[in-house]
Amino acid sequence: MLSAEVFEIADRNVWIAVFWRKKIQGITFALDREQFERNVERLSGFLRKRGVDVDLTPESSDYPFLVKDIITGKVENTDVLGWLSFEGVTPFERRVYEWLTKNVKRGSVITYGALARALGTSPRAMGGAMRRNPYPIVVPCHRVVARDGIGHYTPRLDEKVFLLKIEGVEGWTSSKLTL
């Protein structure tokens, strides 16, 4: 099923969609409608390539509201970790996503290098795992930054800046890599 809602958060419209069956299969969001539609298409294609049986039938649920509550700080990321299906995710990716969600809290960031050291791998592997994260916001890939700036974000950097600003991580949102 696919549940989608639009919310006003910090004077911006935020579109949130959640793919789900018994648990959350994937999440996407955007700050404009056209990008949101592209994100839904991109995520559904990614999940299908990963062998996830995605049903695009619209169905109302509380999942988008739950994601909004994480954005606004009403719900902790770790409170939702058990609701993720982890379908189509490799064992390595799952280990990365769980570690990140449990250890990098709202209002803080970690560099790709520090995350790699914590998990005994490379910063490049961390970048790949973050790029493939099917659960943005719940698995806070936006909190992973480059050592010399904010780093990149899939699909758009302005969404990473938006999330970090809401979380009060101002120092990173004005870095040279946001330009």
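Here are a few questions and answers about the predicted model above.

Reader: What should I know about numbering and confidence before I start?
Author: Residues are numbered from 1 along each chain as its sequence is written. Because the model is predicted, local features need pLDDT of at least 70, side-chain atom pairs count only at pLDDT 80 or more, totals for chains, interfaces and linings use all residues, and side-chain values use heavy atoms, leaving out hydrogens and water.

Reader: Which pattern does the chain follow along the sequence?
Author: Helices here are DSSP runs of H or I with at least four residues, and strands are runs of E with at least two, numbered from the N terminus. The chain has 7 helices and 5 strands. Read in order, they give β-β-β-α-α-α-β-α-α-β-α-α.

Reader: What radius of gyration does the chain have?
Author: It's taken over C-alpha atoms, and the globule rule is 2.2 Å times the number of residues to the power 0.38. For 179 residues a compact globule would come out near 16 Å, so the chain agrees with its 15 Å.

Reader: Is N133 buried or exposed?
Author: N133 sits in the loop between α5 (123–131) and β5 (144–145). Buried means under 20% relative accessible area, exposed over 50%, and partly exposed in between (1.4 Å probe, protein chains only). N133 has 8% relative accessibility, so it counts as buried.

Reader: Which residues does N133 touch, leaving out those up to four places away in sequence?
Author: Contact means heavy atoms within 4.5 Å. With those sequence neighbours set aside, N133 touches Y97, V139 and C141.
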